[in-house]
Amino acid sequence: DLDMRYVNREKNIDILCRIINKFINEETGNYMAFMPSFQYLNSVYSRYIELYGDNGVIMQKESLSETEKEEFLYKFTDDSKIVAFTVVGGMFSEGVDLPGSRLIGAIVVGVGFPMVSIENNIISEYFNNNGFDYAYTYPGINKVLQSVGRVIRTEEDKGRVLLIDKRYDSYKYKCLIPNDWEIKKYNY
């Protein structure tokens, strides 16, 4: 239930780091923490390693070659304990297969909104009352679901997901999340 709207993100970094650390230490394994932007990723990552150290902590750089991407993913083994700070909607949120215990969890910070842009604002204005949803909410939830989809890659996979944003508790977002997900309030 943390308020992760853009205007409140910066003041929530310490709480966010504590939540991430608690979550990844509850069940040993590999995790990806998806942040809403590279700017926020850098801030959270820096503070996280300041608070908890950098052992087993890696971060996605803004631009990676295919070789660097493969080296990043190679670190996720059945026996490793890694938390990778990445960006929702980025190269690690789709098309990445880390089955079994190579990835047991995902943490998604925010609701995945695309950046405010002239294009998105035109879409929003065009559709009047539903415009904001078409321009921002639906594309955002698609990014969130793509990120979460990294955890379950085969029928045998099990995993855990933490969605951090109080907007997920609203009726609108509850309707957008798959019905078969077991939703629980997370106490931090």
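**A parallel sheet and its packing**

Five strands form an open sheet in the order 2-3-1-4-5, with parallel pairing. Strands here are DSSP runs of E of at least two residues, helices are runs of H or I of at least four residues, and both are numbered from the N terminus; two strands pair if DSSP finds at least two bridges between them. The model is a predicted one, in which local features need pLDDT of at least 70 and side-chain atom pairs count only at pLDDT 80 or more, while totals for chains, interfaces and linings use all residues. Residues are numbered from 1 along each chain as its sequence is written, and side-chain values use heavy atoms, with hydrogens and water left out.

At the edges of the sheet lie strand 2 (57-59) and strand 5, each of which pairs on one side only. Neighbouring strands are turned by 15° against each other on average, direction ignored; axes are lines fitted to C-alpha atoms, for helices over the stretch in contact, and angles run from 0 to 180 degrees between N-to-C directions.

Strand 4 (residues 105-109) pairs with strand 5 in the parallel sense over five bridges. The bridge partner of G105 in strand 5 is R160, and I107 stands opposite L162. Buried means under 20% relative accessible area, with a 1.4 Å probe and protein chains only.

Helix 1 lies across strand 1, strand 3, strand 4 and strand 5, and runs at about 170° to strand 5. The largest nonpolar core has 27 residues, and L16, I20, M35 and F85 have the most contacts inside it. Such a core is a set of buried Ala, Val, Leu, Ile, Met, Phe, Trp, Tyr and Cys residues joined through side-chain atoms within 4.5 Å. Among the elements that give two or more residues to this core are helix 1 (13-26), strand 1 (31-35) and helix 2 (38-52). Helix 1 gives the most, with seven residues. Beyond its neighbours within four places in sequence, L16 is in contact (heavy atoms within 4.5 Å) with L2, M4, M35, Y40, V44, V109 and I164.

A second, separate core of 24 residues includes L64, L98, A106 and V111.

Elsewhere, the axes of helix 4 (residues 118-126) and helix 5 (residues 131-148) come within 5 Å and cross at roughly 145°. Here N120, N121, I123 and S124 in helix 4 meet G131, F132, Y134, A135 and Y136 in helix 5.

Notes. Buried < 20%, exposed > 50% of the residue type's maximum accessible area, 1.4 Å probe, protein only.
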